[in-house]
Amino acid sequence: MALLLKGAPAAAALTERAAARSASLTECGVVPTLAIVRVGERSDDLAYERAAEKRAAACGVAVRRVALPASCEQSELNAALKALGAQDEVHGILLFRPLPAHLDEGSAATCIPAEKDVDCAAPLGLLATLSGQGVGFAPCTAEAVLALLDHYEVPLDGANVTVIGRSLVIGRPVAALLLARNATVTTCHTHTRDLAAACRGADVIVAAAGAPGTVGAACVRPNQVVVDVGTTWDAAAGRLRGDVDAEAVAPIVQAISPVPGGVGSLTTAILVSHVVTVAERTCA
């Protein structure tokens, strides 16, 4: 049976390092601070907000919550983001997405300074991720994939990696991060003619299609590492499902990340680490 790449140990290690870095900032009189901007009261936003606050507390990172009503105007949201961006004591800004339909996400995101955009909401952050140049951070989920692989010492230099998914949130950023680590990356998507063959030729598979069961037994071989980024709620089964058919794949491959309990467990740790990085720049 495959080794389970559980996210909790990796997240704990990231949290410990971030806490030590945060503590050292007291010499500069700096308290790393994250501003969370939420529009409305979506249950998933509230759950992530609580998780982020808990992680931040463990790292000595302060959190400011800015909660706007779901009916707020674009000007109100943009003004709140600009005000936070102008405050030196705020080091990172997280805008929960998606926004209500009447709001323009792109307009809001451009109000977040690139250096404080800790979850790649704005185009400049994405450009920095894809180009390897400029100021900005990769999306937390994309970076969590590499953090998980690093924690379990999965070699990436020279490895063949198949990424399933080409979204700007996970697929393309993950591919860019892997290329920066000298992996040879194949990006697959819904128009890939022989997905199974593209997967079998890889040392590492990153499944981020958002479609349960995309990766089955026919897609894998022994000695592979499979990272499942998918999180789709299966109402009939009453549970989250990943993109990988874990029951079919786990007996074959070397290692696999579970859903839940895998990549998703690291996202708040990555988020807080980004905030600490911004705070460190103020002491440089």
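Because the model is predicted, local features are taken at pLDDT of at least 70 and side-chain atom pairs at pLDDT 80 or more, while totals for chains, interfaces and linings use all residues. Residues are numbered from 1 along each chain as its sequence is written, and side-chain values rest on heavy atoms, with hydrogens and water left out.

Helices (H or I, at least four residues) and strands (E, at least two) are DSSP runs, numbered from the N terminus. Helix 6 covers residues 140-151, and its 12 residues should span 16 Å at 1.5 Å a residue; the expected span is 1.5 Å times one less than the number of residues. The end C-alpha atoms of helix 6 are 16 Å apart, in agreement with that expectation. For helix 10, the 17 residues should span 24 Å, and the end C-alpha atoms lie 25 Å apart, which also agrees.

Burial is judged by relative accessible area with a 1.4 Å probe and protein chains only: buried means under 20%, exposed over 50%, and partly exposed in between. Helix 10 is mostly covered, with 12 of its 17 residues buried. Among them are Thr 267, Thr 268, Ile 270, Leu 271, His 274 and Val 278. The buried residues of helix 10 pack against helix 1, strand 2 (33-39), helix 2, strand 4 and helix 6, where contact means heavy atoms within 4.5 Å. In helix 6 the buried residues include Cys 140, Ala 144, Val 145 and Leu 148. The partners of the buried residues of helix 6 are helix 1 (7-24), helix 7 (171-180), strand 7 (204-207), strand 8 (225-228) and helix 10 (267-283). After helix 6 comes Glu 153, with a positive phi near 55°.

The pockets come next. On a 1 Å grid over the protein atoms alone, a cavity is a set of points where a 1.4 Å probe fits but cannot get out, whereas a pocket is an open set with protein on both sides within 12 Å along at least five of seven lines; lining residues have an atom within 4 Å of a point. Grid points are joined across faces, edges and corners, and a volume is the space filled by probe spheres set on the points. The largest pocket has a volume of about 1500 Å³. Its lining comprises 46 residues, of which Tyr 48, Thr 141, Val 169, Thr 231 and Thr 267 lie nearest the centre. Helix 2 (43-58), strand 4 (92-95), helix 5, helix 6 and helix 10 each supply at least two lining residues, and helix 2 gives the most, with seven. By type, the lining of the largest pocket divides into 25 nonpolar, 13 polar and eight charged residues. In this scheme Ala, Val, Leu, Ile, Met, Phe, Trp, Tyr, Cys and Pro count as nonpolar, Asp, Glu, Lys and Arg as charged, and the others, Gly among them, as polar.

The second largest pocket holds about 290 Å³ of space. It is lined by 16 residues, with Val 244, Asp 245, Ala 246, Glu 247 and Val 259 nearest its centre. Strand 10 (239-241) and helix 9 (246-249) each contribute at least two residues to this lining, which divides into nine nonpolar, two polar and five charged residues. Val 259 is also joined to Pro 260 by a cis peptide bond, with omega near -5°; Pro 260 sits in the loop between strand 11 (255-256) and helix 10. Another cis peptide bond links Arg 97 and Pro 98, with omega about 5°, and Pro 98 belongs to the loop between strand 4 and helix 4.

Several loop residues complete the picture. The loop between strand 7 and strand 8 contains Asn 223, a residue other than glycine whose phi is positive, near 75°. Asn 223 is exposed, at 59% relative accessible area, whereas Gln 224, in that loop, is buried at 0%. The side chain of Gln 224 reaches the backbone nitrogen of Arg 221 at 2.7 Å. Ala 122 lies in the loop between helix 4 (105-109) and helix 5 (123-131) and counts as buried at 9% relative accessibility.

How values were computed:
Polar contact = N/O pair within 3.5 Å; in protein donor to acceptor, adjacent residues only side chain to side chain.
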